[in-house]
Amino acid sequence: MASESDPLVHTYVMDISTGKTRRLASDLPDRRNGESYPIAPSADNLGVFVEVPAGDLHRIVFVPRDGKHAIQTVMTLTKPPWYLESAKDGTLYLDQVDRPHEILRFRVTGGQAEVLGSSDTYVAAGQYI
């Protein structure tokens, strides 16, 4: 939730019985990808797994729900996941999205499209490099 004093978006934990909220982890980076938010509770219910962009890479991190322990990197991926799930036995399931971009020019008269530019880097809607 962003505010005037803190324009970043953060992930919060809510105690349903009291309605109180707190940030899940103060050192959890801001995520601005509006297309997906891969997050899944751990099998032991002691925390959550979250995807965190890291430059051109994507880290899957474990964030303890108590807010007292450090975030731990579980794995690093080369492509962003859109979904993340944790099974009862602790197995993590996720996908990876590969959406390269091309800029094409089509002739009015038809024929082959001309590739004007391409990129292997996926930039989500509303994000800028």
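Two strands pair if DSSP finds at least two bridges between them. Strands are DSSP runs (E, at least two residues), numbered from the N terminus. This is a predicted model, in which local features need pLDDT of at least 70, side-chain atom pairs count only at pLDDT 80 or more, and totals for chains, interfaces and linings use all residues. Residues are numbered from 1 along each chain as its sequence is written, and side-chain values use heavy atoms, without hydrogens and water.

**Exercise 1.** Find the order of the strands in the open sheet.

*Solution.*
- Step 1. Trace the four strands: the order is β3-β4-β5-β6.
- Step 2. Check the sense: the pairing is antiparallel.
- Step 3. Look at the edges. β3 (39–41) and β6 (72–77) each have a single partner strand, so one side of each has no neighbour in the sheet.
- Step 4. Take the central pair. β4 and β5 are joined over eight bridges. Here Val48 lies opposite Val63 of β5.

**Exercise 2.** Identify the residues of the largest nonpolar core.

*Solution.*
- Step 1. Apply the rule. A nonpolar core is a set of buried Ala, Val, Leu, Ile, Met, Phe, Trp, Tyr and Cys residues joined through side-chain atoms within 4.5 Å. Buried means under 20% relative accessible area (1.4 Å probe, protein chains only).
- Step 2. List the nine members: Leu24, Ala25, Leu28, Val48, Val50, Val52, Val61, Val63 and Ile71.
- Step 3. Assign elements. β4 (47–54) and β5 (57–64) each give two or more residues. β4 has the largest share, with three.
- Step 4. Look for another core. A second, separate one has six residues, among them Ala40, Ile60, Phe62 and Leu84.

Note on methods:
Buried < 20%, exposed > 50% of the residue type's maximum accessible area, 1.4 Å probe, protein only.
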